[in-house]
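Hi,

Here is the structure I promised to pass on. Have a look at it first, and then read my notes below.

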Amino acid sequence: MHQEYSQIPGEFYSHLKVFHELMSIKVREILFVSSPYDVFIMGEDGSPASRIINEYSGLNLSLPPRVTRVSSAREALSHLNKKKFDMVLTMPHVDDMDAFSLGLEIKKLNPSLPVILLSHSPIGIYPFPESKDCKGIDKSFIWSGNSDLLLALVKNVEDRLNVEYDTWKAMVRVLILVEDSPIYYSSFLPLIYKEIVKQTQAVLEVGINEEHRLLTMRARPKILLAENYEEAMELCQKFRSYLFGIISDTRIPKNGRLVDDAGFVLLSQMRKEIPDIPLLLMSSKSSNKAKADQIPAVFLDKNSPNLLAELHDFFLNYLGFGDFVFRMPDGTEIDRASDLRTLEAKVAQIPDESICYHAKRNHFSNWIMSRSEIPLASKFRQVKASDFASAHEIRNYIIANVHALRKWRQKGVVAQFKSHNFDADVMDFVKIGQGSLGGKARSLAFMSALLHQNPKIYENYPEINIEIPKTLVVSTDGFEYFIAQNDLKDFATQSYTNEEVTTAFLQAEMPEWLVKQLEAYLAQVKYPLSVRSSSLLEDAQFQPYAGIYETYMIPNNHSDLSKRLHHLITAIKLVYASTYYEDAKAFSRSTSNQPQEEAMAVIIQQLTGEEYGDYFYPAISGVVQSHNFYPVSKMKPEEGIAHIALGLGRTVVEGGRTVRFSPKYPSVMPQFSMVDDILANAQRFFYALKIKNYPDELNFLKYSNLEKREVDDAEAEYPVKILASTYVPEEHRIRDTGYMPGPKILTFSQIFKYNIFPLPQLLSDLIELGRKGMGCPIEIEFSVNLSSDKKKKSDFFFLQMRPMVAGGERFDVQITRQEIEKAFCLSKQALGNGKNEEMADIVYVKPDDFQPKATIKIAEEIDKLNAGLLKEKRPYLLVGPGRWGSADRWLGIPVQWRNISGVGAMIELRNEKLKADPSQGSHFFQNITSLGIHYITVTEGSDDYFDWEWVGSQPAIQETTYLRHVRLNNPFTLKIDGKKSQCVMVYN
C-alpha cells in the first residue's frame, strides 16, 4: 500500500485548540469533614489545604482547589445546601454521624458528587457496618502522612469525571491501576500520579511556551482505579481504544471473592486483545514473576526495597517517557533519541532492521503518545509496517510526519531562544530576552496565532504557501541594556542631529550576552535578513508609528561568520539609533508620548524573495488596507484597497509608483484605463538587495543597503518576464506578455487577467480575517514569490499587520448648499470627519512658480516655515501639488514628518503638472491620518476647486521662492462629512 508523505493537514493539529476543552470539570471546592483531632494529627506539618497548595505549586500545576473544613455531619449538610462543592473528603469519625451514613445523606442531596473516605488505618474502613449500605462512599483511602495522596485524590476524582469526554474529544490515553487493597493503592496512586506529572513535564520540549505546556499537561494520561476483576475488565473494554497501559495486582477479587491469579488472567486476556500494550504485574510473592513472563508483562515485587525506582523504570522504558532506545531485533541498543528533533534525525540514520523492529511493535506510536502528541501517535498506530513496500518507505513516512508535527507545533507560538536547542528549520518565531516584543513584533505574533487558529485559509489556497517569514525578536531589554551600558539616555531628551546619534550608537558596545546569542543564531541562519524596528509604541491601536523608525537589509551570506555578525550588530545599532532621530521624537511629541518612554525591540526576519543573478527580491511587494479612503466606480470603502510593486516593499511604503486596485474589483483601475495612462503611471524602478560582490562594510546609509534598479535592466529575470507586458510602439499597443521583444511595462496583467496567482481573492480573505481579529480597520504589508517551477508552490508572506485609523465618523457633519457656494475650497475626496475652526494660517506652493524639479527645495522651505509656526503654536493649512511625503520627488513634495509637524490640514492638488495617484499606500499617509490630520485631495478641472484668486488676494506674512504664507484675521471653518468624503472650507 502506498503511503502519503505529505504534510499533515492543519486541522489534524488543531488539537491544541481542543486542549482548551479538556479537563473541563475541575475540583475547585473541597468540603473536608473531620474532627479537630484528625485535623491536628494530619496538620503537624501544615493543614490539608496548605499541603494541597504546596503539592500543586511544587509540580507547577494550575489553580489548587480551595478547602472548606467542617467538624460535624450537620455542618457539612448545611454547607452543601448553601454552596456548590466539587468533592467531599470525610474522615471516618465525625461528631454526629459515621462516614457511611453521611455519604448516603450527601448522595440524596447530589447523587453525582464524589465522596471520598480518608482513614488513618484500615480499621476506619473495615469492616463496613453490616446494617448500613456503603454506596454513599465512592472510594476509601488510607492516610499515612504522605501529602502526595491529597493531590492524587483530587486528580483521580477529576480523571473519573473527565475521562469519557476527554477520550472522545481528544483521544486522551488511559492508564488503569487494578488493586483492591486501600493500603497499597493509597500508596501506589500518589507514586503513579507524581511520576506521570513529572514525566509529562519532562518530555514537553523546551522550545514551547508556558501556555503550550499547561495545555499539553491537560492531555496527560488519565489514571483510573479498579478494585476487582469485573470493574477492571469493564474499564478495559470501555476505553480499549485509548489504553496506554495496565498495572495490576496478581491477587484481586473476582465474582465477589479473592482469586490468586485473577490479575494474571486479566493481563493475559488484554495481551491477546492488544499485543503491544505495556503491562505491569505486581505481587508480594516473588514466585509470580513466572506468571508475568508467561503473559509477557513486566513484574514488580511489592516487597522490593527499590519499588519506587522500579516503577520509575517501567514509566521510562515501557510507557515511553524516557529516551527512545533504538534496538536491533536481538535487543542490542544502537542509539537513543531524547526528543522529537533527535528522533527525526536518528530515524534517518539507523539500519532498516531497527526501523522494522520498532514499527512492527508500535514503539514509535507509544513513545510519541507519551508526549501527548495524540493525533500523530494515533496516525502511526493506524498504519502497519506491512502497509509499506520497504523500510525506506517507513523511514520517509516517519520523518515527514514528525517534521510536519514539529513545524506545526511552533506555529502561532513565541518560543524563547536557547542556543542549545534552537532549530532554525522548524522554529518560526523566537525571542531573545525577557522584555517586551514591541508593537510590530506583537502584531506579527498575533497574526501567526490568527493564521494558526484559522486553518481554513490554508485549505482554500492549497496551491500557495501562506507564511510569516521566520522571525527572531531581540526584546526591549536588549535596548535597555545597550542604552544603560553605554550611557546613551541623554539622546532621548537632548537635541542632537541624526548624524550625531548615528555616530554615538555605532561606536557603542553591544552587551556581551546578546552578541553570544546572535552568534548562535547566525551559526544556523544563512539567508538574507531584514532588521526592523519594533518599538513599544509602534503599531499601537490608533497611533501607529508607520515607517518612523529605520529598517535595514543584509545579505548574511559572507563566508566569514564574524563578518555576518558585524553586519547584523551594525544594523541593530542603527535601528536602536533611529529611536532618537528627529522624525521619531517629533512624531512622539505629536502623539503626546515622550521620547524617553520609548523602548525598542528589534525584529530580525528572513528577507522574502528569490535570488536573481547578483540580486535578491520578491516578485511582488504590497500593502493592502481594509478601508479604501478613495473608492471609485462601484467600489465601497469597506472593501479595501491594495498597492503592489515589483521588488522589495520600499517602493510601496515610500509612496512610489505602484499599481492600485480594489481586491473586490481588480479589473477596475482608472490609472491604467488608456495606453498613455499606463505608460505614464507604470513603475520604472524597483529595489533589490545585492547578495554578490557587495562591499565588506555594506551601504547602510544609502537605501538601507538596497539598490535601486531600472525595470528594463531586469527584463531577463523571471519576475519581470511574468509580470510585465510589452509596449509595441508602431501599434501604440500594450501586449500582455513579457516574453516578446520591446520595452517592458509593469502591468501585472498575468495576475489581474490570467489569475496565475489568486492575489485579489487572497487579499480579500486576509483583510476580513485581520479586521475581525483586531476589531478595527487594518493594514497588511505582504510579499509574493512566484515559482517558475510548476511543481513548486508559490509563496505569500505576511510581513506586518497594523491598525489603521479610518473615518472617525462618530457624529454627523452637515454641509449646507450655502456653505458649498461660499467655500474657497471644495473636495469630494476628503479624509476624516468633523469640524475644525482653529486655523487662520495658510501655507501654499505658488502655482505659477511651481516646478517639478524643485520639490526638494520646496520641502526645505516648508521645514523653515513649519518651525516658526510650531513655535507660535499656530496650526496651518498646507496646500501643494502631487503626493505629500512621497519618496519619489517627481510625484510630489518629499517632506518628512519633522518638516510639517505643526500642520492642521493638508491639501493634495492633482493637476496637469502632477497627476499622482492618491497616496494611501504610504507610511507617511498612514501616520497623517492616524493623528487625525485632515487630508484633502483637490482634482483641479473637476467639481473640486480651490479659489486661487481669493487666497492670492490675502495679505502675505512671508514669501519664499516657491511658497506664500497668508494669515487671516479670523480662523476659517473646515468641515468634512466622512460619510460622503466631502469637504468645504469657508471664511466668513
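Where does Phe748 lie? Phe748 sits in the loop between strand 33 (744-746) and helix 29 (749-752); helices (H or I, at least four residues) and strands (E, at least two) are DSSP runs, numbered from the N terminus. Its phi is positive, about 60°, although Phe748 is not a glycine. Phe748 counts as buried, at 0% relative accessibility. (Buried means under 20% relative accessible area, exposed over 50%, and partly exposed in between, with a 1.4 Å probe and protein chains only.)

Before the rest, a word on what you're looking at. This is a predicted model, where local features need pLDDT of at least 70 and side-chain atom pairs count only at pLDDT 80 or more, while totals for chains, interfaces and linings use all residues. Residues are numbered from 1 along each chain as its sequence is written, and side-chain values use heavy atoms, with hydrogens and water left out.

Now the overall picture. The protein has 34 helices and 47 strands. Of its 988 residues, 59% count as buried. Take the contacts (heavy atoms within 4.5 Å) between residues at least 6 apart in sequence: 72% of them join residues at least 24 apart. The accessible surface comes to about 40,800 Å², and 50% of that belongs to carbon and sulfur atoms. Those areas come from the Shrake-Rupley method with a 1.4 Å probe; for residues, only the protein chains shown count as cover.

Two other spots in the backbone are worth a look. Leu698 also has a positive phi of about 60° without being a glycine. You'll find Leu698 in the loop between strand 29 (685-690) and strand 30 (706-710), and it is buried, with a relative accessible area of 11%. The other spot is the peptide bond from Ile295 to Pro296, which is cis, with omega near -10°. Pro296 belongs to the loop between helix 11 (289-294) and strand 14 (298-301).

On to the charges. The whole structure has 44 salt bridges, meaning a side-chain nitrogen of Lys or Arg within 4 Å of a carboxyl oxygen of Asp or Glu. One of them pairs Arg395 with Asp352, with 2.4 Å between the closest N and O atoms. Arg395 is in helix 17 (residues 391-410) and Asp352 in helix 14 (residues 352-360), so this pair ties together parts that are 43 residues apart in sequence. Arg395 is buried at 9% relative accessible area, whereas Asp352 is partly exposed at 38%.

Arg771 and Glu768 also meet in a salt bridge (2.9 Å, N to O). Both lie in helix 30 (residues 759-774), 3 residues apart, which is about one turn of the helix. Arg771 is partly exposed, at 33%, and Glu768 is partly exposed too, at 31%. There is also a network of salt bridges that links Lys139, Arg160, Glu227 and Glu231.

Last, the surface. Which residues form the negative patch? They are Glu499, Glu500, Glu582, Glu860 and Asp863. Helix 22 (498-507) and helix 32 (855-871) are the elements that give two or more residues to this patch. Glu582 is in helix 25 (residues 582-590) and is partly exposed, with a relative accessible area of 33%. For the patch rules: residues need over 30% relative accessible area and no salt bridge, with like charges joined within 9 Å and nonpolar side chains (Val, Leu, Ile, Met, Phe, Trp, Tyr) within 5 Å. Lys and Arg count as positive and Asp and Glu as negative, with His and the chain ends not counted. Each charge is placed at NZ of Lys, CZ of Arg, CG of Asp or CD of Glu.

Cheers
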